[in-house]
Amino acid sequence: MAKDYDLVVLGGGTGGYVAAIRASQLGMQVAVVESADLGGTCLHRGCIPSKALLRSAEVYKQTKEASSYGVETKDTTLNFIKVQERKNGIVKQLHQGVQGLMKKGKIDVYEGYGRILGPSIFSPMPGTISIEYENGDENTMIVPKNVLVATGSKPKSLPGLEIDGVYVMTSDEALQMETLPSSIIVVGGGVIGIEWASMLADFGVKVTVIEYLDQILPTEDEAIAKEAEKLLKKKGITFVKGAKVLSDTLNKDNGVTINAEINGETEIFNADKMLVSVGREANTTNIGLENTDIVVEKGVIQTNKHYQTKETHIYAIGDVIGGMQLAHVASHEGIVAVEHMADKEPLPIDYDHVPTCIYSNPEIASVGLTEKQAKEQGLEIKVGKFPFKAIGKALVHGDSEGFVKIIADKNNEDLLGVHMIGPHVTDMISEAGLAKVLDAAAWEVADSIHPHPTLSEVMGEAALAVDGKQIHG
């Protein structure tokens with residue numbers, strides 16, 4: 001006999017398990033179906049493991065530079081096996097935490113591959129879930145009143161760049177490297193590519209980034225992208241922009257060789273390994289969407305502002321619907337979807353209020369419009385910019401590169417966008433996010449007293465700079 005649930009969540013990643021917890025809090029009987037591990041990409045193959053490696057790279061770099069702080073060290077060496085052990089330990093601890101949260105919420109977890117079935121003896125509507133198991137056990141059928149599709153995404157590649165996990169990798173395979181290469185080609189200068197380039201350079205790897213566009217980090221404010229490129233070049237990273245990788249020239253023979261076309265000329269690039277970082281694609285295949293009226297366009301599921309699909313009892317969130325493809329976005333989408341199921345009338349997400357973070361060294365964070373976007377919308381703007389070099393805590397910290405840039409509406413003083421590059425900005429962007437949510441003006445941010453000495457003072461000074469009133473610059 002098939003078991004009934006109020007909600008079945010397909011996918012136990014950050015969006016899926018957070019939605020399941022919220023549904024449990026609202027009194028629903030909930031199940032999560034996950035074919036791999038609870039926590040999904042973010043916990044096991046993305047956010048957490050990559051940031052653990054980035055932290056090790058940062059400590060290694062700082063230790064080599066310790067003499068500038070008056071701390072003498074000798075023979076600083078990198079034990080990459082221990083680096084990986086530390087990363088795996090963090091993932092394991094957090095994975096156990098998520099498992100504990102499922103037990104606390106009395107949420108059933110099915111460790112198998114879930115697929116949506118069409119109308120059947122179990123239900124007159126599409127939505128019955130068939131769960132298949134790798135060990136060949138008989139399929140389980142569960143019948144939900146509502147379904148939440150949170151199946152996430154996977155790394156893309158380019159035609160001709162076959163991922164072999166040895167010479168050519170995506171971030172999934174790179175996370176499992178047992179030893180570091182001496183050199184690597186990173187194809188793609190977006191967020192993931194830049195984080196890996198920064199990390200590997202700090203580990204001492206010779207890095208070349210090949211980017212198709214004329215700007216790395218194309219979603220960031222142009223001034224931020226230029227500053228990032230300048231500072232990353234100081235690490236020894238080589239950037240090749242406006243370059244089309246010629247996949248059919250790939251040669252794997254004790255390393256990789258590939259050609260790229262740049263301004264009509266062909267250049268040859270060599271390295272020990274290649275990391276392909278050209279975006280991610282939604283996991284929409286083989287989950288039974290064809291058994292429903294759910295609309296898929298350009299590879300992603302179409303939903304309304306409450307994340308309902310065309311089948312109103314089936315919702316979808318996270319990478320599978322496209323959008324910002326961020327773990328914290330998926331979590332909030334999941335909460336909105338579940339609260340809508342429970343008739344709680346949640347406020348729709350304003351994506352202009354969502355902070356984004358890049359965990360390279362230097363860190364990058366932003367919320368709201370870039371200067372280019374504001375101008376394209378026909379807005380009259382004023383801009384304040386303030387460098388970390390003028391902030392005492394940044395000098396004490398030993399990392400004073402970068403700046404904060406604030407964009408405000410010239411006519412009504414509204415805060416339009418905040419863009420940061422520099423030390424610990426991923427921890428500081430939430431102030432700007434709150435300012436956006438509260439519809440603050442730059443002068444109101446400036447009026448908020450920032451403690452001294454802190455890195456956060458840069459936010460107050462940048463807000464003052466919008467009207468030319470900065471104190472220390």
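View 1. A cavity here is a set of points on a 1 Å grid over the protein atoms alone where a 1.4 Å probe fits but cannot get out, and lining residues have an atom within 4 Å of a point. Its volume is the space filled by probe spheres set on the points, with grid points joined across faces, edges and corners. The model is predicted: local features need pLDDT of at least 70 and side-chain atom pairs count only at pLDDT 80 or more, whereas totals for chains, interfaces and linings use all residues. Residues are numbered from 1 along each chain as its sequence is written, and side-chain values use heavy atoms, with hydrogens and water left out. The lining of the second largest cavity includes Gly318, Asp319, Gly322, Gly323 and Met324. By class, this lining has 4 nonpolar, 4 polar and 2 charged residues (nonpolar: Ala, Val, Leu, Ile, Met, Phe, Trp, Tyr, Cys and Pro; charged: Asp, Glu, Lys and Arg; polar: the others, Gly among them).

**View 2. The largest cavity has a volume of about 50 Å³.** Among the residues that line the largest cavity are Pro155, Lys156, Thr170, Ser171 and Ile192. The lining comprises 4 nonpolar, 4 polar and 2 charged residues. In the whole structure, the search finds 2 cavities of 30 Å³ or more.

**View 3. Helix H6 spans residues 191–202.** Helices are DSSP runs of H or I with at least four residues, numbered from the N terminus. The 12 residues of H6 reach 17 Å from first C-alpha to last, close to the expected 16 Å, the expected span being 1.5 Å times one less than the number of residues. Because 10 of its 12 residues are buried, H6 is largely enclosed by the rest of the structure; buried means under 20% relative accessible area, with a 1.4 Å probe and protein chains only. Trp196, Met199 and Leu200 are among the buried residues of H6. Gly204, with a positive phi near 100°, follows H6.

**View 4. The second largest pocket holds about 780 Å³ of space.** A pocket is an open set of points with protein on both sides within 12 Å along at least five of seven lines. Of the 30 residues lining the second largest pocket, Glu58, Lys61, Asn361, Pro362 and Asp399 lie nearest its centre. Helices H3 (47–64), H6, H7 (222–234) and H11 (425–437) each give two or more residues to this lining. H3 provides the largest share, 7 residues. The lining divides into 8 nonpolar, 10 polar and 12 charged residues.

Methods: Buried means under 20% relative accessible area, exposed over 50%, partly exposed in between (1.4 Å probe, protein chains only).
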